[in-house]
Amino acid sequence: WFVHHDVSDGLIRQMRRYWRYGYANVRMCELTTAPGLNVRLAHARRRYHVANAIEQLRANLETAKGFSRWTLVRWCSAVAASCVQIAFYDGCAAAAAARRRELRI
């Protein structure tokens, strides 16, 4: 048994992983035992990416205030975290779009 630390991976790999998590969470919404939290993810749409990205960046910049006294370091940290969160949301949006296509058939 071992623990895999997310911080050991690069940003692109993290984004891919979280995209898959987002996709899987929406697909789990099809189950009757799915947690209620995942239901809102099933309504994700790619057209909301810009608004979502801005919201994530603002929240991450606020969180990063205690991270470092250097502005550039805080911005880099916030942007990296936002990229991972946006990848998760994109995975949700992709799965939601696939689900909508399936239900139209």
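**Salt bridges and their surroundings**

Lys-65 is exposed, with a relative accessible area of 53%. On this scale, buried is under 20% relative accessible area, exposed is over 50%, and partly exposed is in between (1.4 Å probe, protein chains only).

A word on the model. It is predicted, so local features need pLDDT of at least 70 and side-chain atom pairs pLDDT 80 or more, while totals for chains, interfaces and linings use all residues. Numbering runs from 1 along each chain as its sequence is written, and side-chain values use heavy atoms, without hydrogens or water.

Back to Lys-65. What is its partner? Lys-65 pairs with Glu-62 in a salt bridge. A salt bridge here is a side-chain nitrogen of Lys or Arg within 4 Å of a carboxyl oxygen of Asp or Glu. For Glu-62 and Lys-65, the closest N and O atoms are 3.2 Å apart.

How many salt bridges does the structure hold? Five.

Next pair: Arg-27 and Glu-102. Their closest N and O atoms are 3.0 Å apart, and they form a salt bridge. Which parts does this pair tie together? Arg-27 lies in helix α1 and Glu-102 lies in helix α4, so the pair ties together parts 75 residues apart in sequence. Helices are DSSP runs of H or I, at least four residues, numbered from the N terminus. Helix α1 covers residues 11–28. Helix α4 covers 71–104.

Are these two partners buried, exposed or partly exposed? Arg-27 is partly exposed, at 23% relative accessible area. Glu-102 also counts as partly exposed, at 40%.

Next pair: Asp-90 and Arg-46. This is a salt bridge too, with the closest N and O atoms 2.6 Å apart. Where do the partners sit? Asp-90 is in helix α4, while Arg-46 is in the loop between α2 (36–39) and α3. They are 44 residues apart, and the pair links distant parts of the chain.

Look at the cover on each partner. Asp-90 counts as buried, at 17% relative accessibility. Arg-46 is partly exposed, with a relative accessible area of 46%.

Now the network. Which residues are joined? Asp-9, Arg-13 and Arg-17 form one network, through salt bridges that share partners. Please find these three in the view.

While you are in that region, look at helix α1 again. Gln-14 sits there. Buried or exposed? Gln-14 is buried, with a relative accessible area of 11%.

For contrast, turn to Phe-67. Phe-67 sits in the loop between α3 (49–64) and α4 (71–104). Phe-67 is exposed, with a relative accessible area of 55%.

One last stop, in helix α4. Arg-100 is found there. Arg-100 is partly exposed, with a relative accessible area of 23%. How far is Arg-100 from Ala-42? Their C-alpha atoms are separated by 9.4 Å. Along the chain, Arg-100 and Ala-42 are 58 residues apart.

To recap. Five salt bridges in total. Arg-27 with Glu-102 ties α1 to α4. Asp-90 with Arg-46 links α4 to the loop between α2 and α3. Glu-62 pairs with Lys-65. Asp-9, Arg-13 and Arg-17 make one network.

Technical notes. Helices (H or I, at least four residues) and strands (E, at least two) are DSSP runs, numbered from the N terminus.
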